[in-house]
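Here is a short briefing to read beside the structure. Keep the 3D view open as you go.

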Amino acid sequence: MRHIISILIENEAGALSRVAGLFSARGYNIESLTVAPTEDPSLSRMTIVTTGTDRIIEQITKQLNKLVDVVKLLDLTEGPHIEREMMLIKVKASTMAQREDVKRLSDIFRGHIIDVTSSTYTIELTGAVAKLDSFIETLAEHKIIETVRSGVSGIARGEKSLHL
Amino acid sequence: MELSGGEILVQCLKDEGVEYLFGYPGGAVLHIYDALYNQEGVNHILVRHEQAATHAADGYARATGKPGVVLVTSGPGATNAVTGIATAYMDSIPMVVITGQVATANIGSDAFQEVDSVGITRPCVKHNFLVKDINDLAETVKKAFYVATTGRPGPVVVDVPKDITDPNIKIPYHYPETVQMRSYQPVLKGHSGQIKRAVDLLLSAKRPMIYTGGGVVLGKGSEELRKFVRKLGYPITSTLMGLGAYPASDELFLGMLGMHGTYEANMAMHDCDVLIAVGARFDDRVTGKIAEFCPHAQIVHIDIDPSSISKTITVDVPIVGNVPDVLQEMNHLLESDKKTPNKKAIDDWWKTINSWRSQQCMSYDRNSDKIKPQMVIEMLHEITHGNAYVTSDVGQHQMWAAQYYGFDEPNRWINSGGLGTMGFGLPAAMGVQLAYPDEVVICVTGEGSIQMCIQELSTCLQYGLPVKIVALNNRYLGMVRQWQEFFYENRYSHSYMESLPDFVKLTESYGHVGIRIERPEDLRAELERGFAMKNRLVFFDIVTDQAENVYPMIAQGKAHNEMHMSPHCVPPQDPERELS
């Protein structure tokens, strides 16, 4: 089962490697991992997307909690939540037909063209993982030059939150 | 009081009450060593290899319950210490290891003797720190001791760059009395509802079993455990790490369980209907085949580390908490509760257990013309009246020491259980002997293991440590040989030790006493002669039977009721219990 685990971790050198090292040492999967400081600069927020049986997920949350730098942890998939990922995608767009079609598809997906050259468009698109995947599929007839995905960020819906 | 970083470190250790610092100097820690010069309070023990510094600190910690402290230099100093750090980590031993580091400005430049100590040790420490500012130094040391000694204990590394200890930079010194960490708050008290459930389950048991581990020793829970077991009158077994927490000589104790556990302990595990695991972590050497582990049992598990619970074996009543606190609450409930154990069922259960016991699984050939290793250990027990501190290395001798010494007190059996580190025994014995100069400290070892840290004979001379080294010399890496006999059709690939040194001469050249014992009839007299030399290190090179195996044995991946038994034990009377 796919789980999205959010953690608040001390914003210290090496904190990321402790988490990444834990996953590799114990053979857990990481689908994506994002990290950045929060409004409190002494804390970082990390979102980890992982897969495993209930038993493995239980161990993952326990092992993460055991890391001395981890302050708090929440498995977002245990309740209603929102997940978003951002993608930057550079597509070949040299002919008029290509430019029109890429622009049309980007609009349908509510993407923004954020950079234009005579031969390329770069599109910014935000959404759940499945939406980004299907945008890439939709571009099958075009030449994708480059994609960059941020990995998933998530937040609980409603009153529930992960804070100190 | 204004102090330099080096002086701050030394002063922190004094304020922390550190008696012994095990270390080895080098470039990156010279400022610290200068601060150690001509001071009193912290006694530095100069080892001969950094691995030994960590093992000695580890042995000290296991025997005293206080954290072991180590000081090594950067680069090879730190990497040599890693084996000892990992050893402590696997057995949850409180330890603070200070590693020197190249100056802050040189970090990352592949400087001389630079290694990423924080990175290298990360997977085998409870936590580690890199000190980047002298103003953080004292608080970091305080945090290191706090983290190492609280919750589930473990080693903590503090990496200190050379410029932080610069004698020319002085700041006001203040050692914090306490430390708060928002990200680290270990739980002590168990959940009362869960404790009540566990007690009810235990009282309803017909075939109960108590399985204890190193957590009882580490948590100082031996006294509460004894009350608990005696109140219930239930059978108890222990892991390798928990030996001594409950007295081996007590009738309720079934001996060690697991791969080399007793027949009665393993059979009782297999047949029990309620199991309570106390400070034990269901290690693979204990459980055997997971799918057939305690197939009929409901399981209660007390552990201070939530991640130990349901890691390999799913349990029915988990209790996160400190062993003595939880057991104390259970004991209160047992006293106040009107319910008592099911006497009839428990009597029947003991009858079954006693029938297993009658097989005398620990029998061996006592009339051999070769020295039997089991006999050596039994004799050690007699000569020392069971009061010695016994360290060991890793292999057959370790199992025999665990099986035949019969520990009645905690903190007396000191061995590398989790990591299985050969070379542990002698330096660990040094740490124990320093902590208890008037006690008898024995290092039970083999001719293979002892050579992994033999250089420490020199340290023992320098500090006058009268450790008694008992080498069961069978000219084989015995446990490897045993597995090759059982599972590799006697193909003894590289398990034979040729060109052994003359251990007597070797010991003598280090300034100690060596005694070689070759015949069973000389064993007692020679051991007694050596043990009478109270102030000398004595190395007993004992030529033992090469073919002897450790029994009983559960092959890896087999269940508790599938044991290889010694050919000398009483054959089973119940044909349905026929052994594999």
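The points below go from chain A to the contact between the chains and then to chain B.

This is a predicted model. Chain A splits into two domains, domain 1 (2-79) and domain 2 (82-153). Chain A also touches chain B, with 16 residues of chain A in contact with 15 residues of chain B. In chain B, 6 strands form an open sheet with parallel pairing.

**Chain A overall**

- Chain A has 4 helices and 9 strands.
- Along the sequence, these follow the pattern β-α-β-β-α-β-β-α-β-β-α-β-β.
- The C-alpha atoms of chain A fill a box of roughly 55 × 35 × 35 Å, taken along the principal axes.
- Chain A has 164 residues, and buried residues make up 27% of them.
- Take the contacts in chain A between residues at least 6 apart in sequence: 73% of these join residues at least 24 apart.

**The two domains of chain A**

- The centres of domain 1 and domain 2 of chain A, taken over C-alpha atoms, are separated by 29 Å.
- Their contact takes 6 residues from domain 1 of chain A and 5 residues from domain 2 of chain A.
- On the domain 1 side, β2 (32-37) and β3 (43-51) of chain A are the elements that give two or more residues.
- β2(A) gives the most to that side, with 3 residues.
- By class, the domain 1 side has 3 nonpolar, 3 polar and no charged residues.

**A record for chain A**

- An unreviewed UniProt entry lists residues 4-78 of chain A as "domain: ACT".
- The end C-alpha atoms of residues 4-78 of chain A lie 9 Å apart.
- That span is 32% helix and 37% strand.

**Where chain B meets chain A**

- By class, the side of chain B that touches chain A has 6 nonpolar, 5 polar and 4 charged residues.

**The sheet of chain B**

- Strands of a sheet pair through backbone hydrogen bonds, either parallel or antiparallel.
- In chain B, the strand order is β3-β2-β4-β5-β7-β6.
- The edge strands are β3 (43-46) and β6 of chain B, and each pairs on one side only.
- From one strand to the next, the twist averages 20°.
- β6(B) pairs with strand β7 (residues 155-161) of chain B in the parallel sense, over 4 bridges.
- B:Phe129 has B:Val158, in β7(B), as its bridge partner.
- Helix α3 (residues 50-64) of chain B lies across β2 (20-23), β3, β4 (68-72) and β5 (95-101) of chain B.
- Helix α3 of chain B runs at about 165° to β4(B).

**One residue of chain B: B:Cys12**

- B:Cys12 lies in helix α1 (residues 5-15) of chain B.
- Is B:Cys12 buried or exposed? B:Cys12 counts as buried because it has 26 C-beta neighbours inside 10 Å, and the cut-off for buried is 20 or more.
- Leaving out residues up to four places away in sequence, B:Cys12 touches B:Ala138, B:Val141 and B:Tyr175.
- B:Cys12 and B:Tyr175 are 163 residues apart along the chain, yet their C-alpha atoms are separated by 6.5 Å.

Methods. Residues numbered from 1 in each chain as written. Chains lettered and ligands numbered in written order. Predicted model: local features only at pLDDT ≥ 70, side-chain atom pairs only at ≥ 80, totals over all residues. Domains from an automatic or database assignment. Contact = placed C-beta atoms within 7 Å. Nonpolar A, V, L, I, M, F, W, Y, C, P; charged D, E, K, R; others polar. UniProt positions renumbered as here; feature names shortened; annotations may be inferred. Buried ≥ 20, exposed ≤ 12 C-beta atoms within 10 Å, placed from the backbone. Pairing = 2+ DSSP bridges. Axes fitted to C-alpha atoms, helices over the stretch in contact; angles between N-to-C directions.
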